[in-house]
Amino acid sequence: MTTTTKPKNALHIRRDTPVKVLFTILLCAFAIIMIVPFIWMISSSFKQQRDVMSIPIQWIPKNPTWDNFRKVLHINSNGKDYHFMLAYWNSIKVSVLSTTVSICSAMMAGYAFAKLRFRGSNVLFILYLTQMMIPSQLTLIPRFVAFSSLNLTNTHFSIIAPKLISVSATFMMRQAFMGVPNELRESALIDGASEWRTFFNINVPQITPTIGALVTTQFLDSWNSYLDPLVFLPDWRLQTLPIALNQFVGEEGTAYNLVSAACCLTVIPVFIVFLCGQKFFVKGLTVGAVKG
């Protein structure tokens with residue numbers, strides 16, 4: 001008479017199943033809690049003011065309307081012009097330029113620290129990383145004094161120029177370049193390729209996920225920036241969307257349908273950028289995590 005024993009792996013899977021189910025339920029509940037205010041905001045942006053605070057909540061508006069968005073954007077509306085279209089253009093301009101500048105400088109600096117070995121490179125990189133320990137708020141006054149002496153305050157250059165050096169982006173680029181085999185660069189140099197050609201045609205295509213992830217994070221950081229535009233851009237014609245949104249909420253704080261519409265307009269570019277870069281995000285942030 002023979003006896004059969006259950007495999008240990010099967011027993012282990014059965015014991016872990018309740019824990020995984022409970023963990024999944026908790027994650028789903030947390031996700032629902034986080035997404036409910038966002039759904040309410042979208043729903044309220046299509047309602048009239050009297051329907052926003054109605055009980056029970058109308059998740060799907062009975063009479064949806066686009067008038068809230070027209071009033072916010074001042075399109076075919078006789079109401080006050082909040083200059084949202086101008087703020088939109090300013091935010092897009094500043095975010096695109098800041099992202100481009102920071103990514104280009106981070107790629108070149110990361111490549112230099114990863115591939116171009118020179119005397120004192122490690123010490124210089126450590127000194128470079130120490131900037132991450134200094135909060136940007138501490139450098140706000142020195143930057144304001146410097147830009148004021150150069151007559152560059154109240155210009156978009158004053159909030160784009162500091163993005164030229166992004167320590168965190170440079171660190172991620174260095175880690176990504178260190179994951180590219182050195183044999184590829186050496187082979188290209190032996191074949192007569194210049195350092196710039198090796199950089200653009202050999203190394204950069206290998207770190208596309210990291211570039212995509214950094215483009216997403218740098219754009220979102222610039223788009224949501226509030227303190228620097230508030231300090232350096234007193235002229236309303238140059239102000240970005242977070243400043244315009246804050247002023248709008250201050251003036252129309254009780255008109256929740258208009259505030260919801262303004263918030264929806266603010267997050268649209270964020271969703272577009274994140275949806276375009278989400279496939280690079282997780283992979284790009286883990287590239288080179290165990291290298292170097």
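1. Five salt bridges are present in the structure, which is a predicted model.

2. Within helix α3, which spans residues 67–73, Arg70 and Asp67 lie three residues apart, or about one turn of the helix, and they form a salt bridge in which the closest N and O atoms are 2.8 Å apart. Arg70 is partly exposed, its relative accessible area being 37%, and Asp67, at 40% relative accessibility, likewise counts as partly exposed.

3. A salt bridge also joins Lys163 to Asp221, with 2.9 Å between the closest N and O atoms. This pair links distant parts of the chain, since Lys163 sits in the loop between α7 (157–160) and α8 whereas Asp221 belongs to helix α11, 58 residues apart. Asp221 counts as partly exposed at 41% relative accessibility.

4. Glu195 pairs with Arg185 in a salt bridge whose closest N and O atoms are 3.0 Å apart; Glu195 lies in helix α10 (residues 195–203) and Arg185 in helix α9 (residues 182–190), 10 residues apart. Glu195 counts as partly exposed at 26% relative accessibility, while Arg185, at 17%, counts as buried.

5. Helix α8 (residues 167–178) and helix α11 (residues 208–223) have axes that come within 10 Å and cross at roughly 170°; the two helices are therefore roughly antiparallel to each other. On the α8 side the contact involves Ser168, Ala169, Met172, Met173 and Ala176, which meet Thr210, Ile211, Leu214 and Gln218 of α11. The residues of this contact comprise six nonpolar, three polar and no charged ones.

Notes. Residues are numbered from 1 along each chain as its sequence is written. This is a predicted model: local features need pLDDT of at least 70, side-chain atom pairs count only at pLDDT 80 or more; totals for chains, interfaces and linings use all residues. Side-chain values use heavy atoms; hydrogens and water are left out. Axes are lines fitted to C-alpha atoms, for helices over the stretch in contact, and angles run from 0 to 180 degrees between N-to-C directions. Helices (H or I, at least four residues) and strands (E, at least two) are DSSP runs, numbered from the N terminus. Angles under 35 degrees count as roughly parallel, over 145 as roughly antiparallel, 65 to 115 as roughly perpendicular and the rest as oblique. Contact means heavy atoms within 4.5 Å. Ala, Val, Leu, Ile, Met, Phe, Trp, Tyr, Cys and Pro count as nonpolar, Asp, Glu, Lys and Arg as charged, and the others, Gly among them, as polar. A salt bridge is a side-chain nitrogen of Lys or Arg within 4 Å of a carboxyl oxygen of Asp or Glu. Buried means under 20% relative accessible area, exposed over 50%, partly exposed in between (1.4 Å probe, protein chains only).
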